[in-house]
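The sequence and the structure are shown first, and the discussion follows.

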Amino acid sequence: MSGESPWQTNPNEDIFDRMRKQPEKSWINWILILINVVVFIYAELTGNTNDVEHMLKLGASYAPFVQAGECYRLFTSMFLHFGISHLANNMILLLFIGDYVERYMGRICYLILYLSSGVFAGWFSYRHDLASGSTSVSAGASGAIFGVIGCLLVLVIIHRGHLENLTLTRVILMAAFSLIVGFQTAGVNGYAHLGGFIGGVALTVVLWPVSKDHRKGNRHP
């Protein structure tokens with residue numbers, strides 16, 4: 001049987017050069033997903049992730065507690081999830097969109113973006129709760145994930161409306177639909193989503209000049 005190996009299409013190109021051209025693995029994204037899963041398993045083994053009291057003990061966000069000085073909850077709450085479906089929905093979305101953002105922003109910038117967006121989302125939600133008198137308990141990675149969506153939107157704009165198989169229209173529709181659903185669905189913290197999205201956009205503007213995408217001169221691929 002005759003045929004040509006995919007490694008032999010260009011005899012002038014070394015096999016290792018071809019391997020280096022393959023997309024880099026999004027290790028930070030995978031580590032973040034793993035941390036969320038491990039924290040969820042721990043939470044389930046030590047109690048019930050649908051139990052508000054248990055989640056508060058583990059670090060879920062609650063405006064009166066944050067106001068009393070427990071600001072660490074703005075960070076810890078982004079790694080806690082209420083039930084397996086909450087975790088699965090967030091991690092599946094992060095798996096796909098986080099891959100794009102980490103490969104273009106670079107590992108350090110992506111980590112800063114993710115964590116900072118999550119904290120800002122928690123703070124934004126906390127300020128809304130204080131203003132409205134809400135006493136809801138909040139947890140989940142969605143605020144940080146919306147920061148990643150905000151970053152993705154900026155990246156697509158920088159790349160003139162196309163980023164690999166993503167288009168500006170597709171990303172705008174995804175962001176708009178997700179934000180609207182967040183505000184219309186009971187039990188979902190839409191203000192954390194909005195805060196994360198705003199934080200992600202702002203952070204990308206600040207971080208992009210030192211990002212991997214900028215360093216490689218990929219503004220106009």
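Helices, here DSSP runs of H or I with at least four residues, are numbered from the N terminus. With that convention, Asn36 lies in helix α2. The model is a predicted one.

## Overall composition

The chain contains 11 helices and four strands. It has 221 residues, of which 43% count as buried. Among contacts between residues at least 6 apart in sequence, 74% join residues at least 24 apart.

Helix α2 covers residues 27-45 and includes Val37. Apart from residues up to four places away in sequence, Asn36 touches Met78, Phe79, His81, Leu87, Met91, Tyr114 and Ala141. Val37, by contrast, counts as partly exposed because its relative accessibility is 30%. Val37 and Ile84 are separated by 47 residues in sequence, and their C-alpha atoms are 9.6 Å apart.

Helix α2 packs with helix α7 (residues 107-132) at an angle of about 35 degrees, and the two axes are 9 Å apart. On the α2 side the contact involves Trp27, Ile28, Asn29, Leu32 and Asn36, which meet Arg107, Tyr110, Leu111 and Tyr114 of α7. Six of these contact residues are nonpolar, two are polar and one is charged.

Helix α8 consists of 17 residues, 142-158, and spans 24 Å from its first C-alpha to its last, close to the 24 Å expected at 1.5 Å a residue. The helix is mostly covered, with 16 of its 17 residues buried.

How do α8 and α10 pack, in terms of angle and axis distance? Helix α10 comprises residues 190-207, and its axis is 6 Å from that of α8, at an angle of about 40 degrees. This angle makes α8 oblique to α10. The crossing of the two helices is right-handed. From α8, the residues Ser142, Gly143, Phe146, Gly147, Ile149, Gly150, Cys151, Leu153 and Val154 meet Ala192, His193, Gly196, Phe197, Gly200, Val201 and Thr204 of α10. The residues of this contact comprise eight nonpolar, eight polar and no charged ones.

His193 belongs to helix α10. Its relative accessible area is 7%, so His193 is buried. Beyond its neighbours within four places in sequence, His193 is in contact with Ser142, Phe146, Ser178, Leu179, Gly182 and Val188. The C-alpha atoms of His193 and Ser125 lie 8.6 Å apart, although the two residues are 68 residues apart in sequence.

## The contact of α7 with α10

Helix α10 also packs with α7: their axes come within 7 Å and cross at roughly 140 degrees. The two helices are therefore oblique to each other, and α7 passes α10 in a right-handed crossing. The α7 residues Cys109, Ile112, Leu113, Ser116, Ser117, Phe120, Ala121, Phe124, Ser125 and His128 meet Tyr191, Ala192, Leu194, Gly195, Gly196, Ile198, Gly199, Gly200, Leu203, Thr204 and Leu207 of α10. By class, the contact residues divide into 12 nonpolar, nine polar and no charged.

| Helix pair | Angle between axes | Distance between axes |
|---|---|---|
| α2 and α7 | about 35 degrees | 9 Å |
| α8 and α10 | about 40 degrees | 6 Å |
| α7 and α10 | roughly 140 degrees | within 7 Å |

## Residues with positive phi

Most residues other than glycine have a negative phi. Which residue with a positive phi follows α8? Arg160 does, with phi near 60 degrees, although Arg160 is not a glycine. Arg160 is located in the loop between α8 and β3 (162-163). Its relative accessibility of 63% is the reason why Arg160 counts as exposed.

Glu164 likewise has a positive phi without being a glycine, at a value near 55 degrees. This residue is in the loop between β3 and β4 (166-167). Glu164 counts as partly exposed because its relative accessibility is 45%.

Technical notes:
Residues are numbered from 1 along each chain as its sequence is written. This is a predicted model: local features need pLDDT of at least 70, side-chain atom pairs count only at pLDDT 80 or more; totals for chains, interfaces and linings use all residues. Side-chain values use heavy atoms; hydrogens and water are left out. The expected span of a helix is 1.5 Å times one less than its number of residues. Buried means under 20% relative accessible area, exposed over 50%, partly exposed in between (1.4 Å probe, protein chains only). Axes are lines fitted to C-alpha atoms, for helices over the stretch in contact, and angles run from 0 to 180 degrees between N-to-C directions. Angles under 35 degrees count as roughly parallel, over 145 as roughly antiparallel, 65 to 115 as roughly perpendicular and the rest as oblique. A crossing is left-handed if the near helix is turned anticlockwise from the far one by less than a right angle, and right-handed if clockwise. Contact means heavy atoms within 4.5 Å. Ala, Val, Leu, Ile, Met, Phe, Trp, Tyr, Cys and Pro count as nonpolar, Asp, Glu, Lys and Arg as charged, and the others, Gly among them, as polar.
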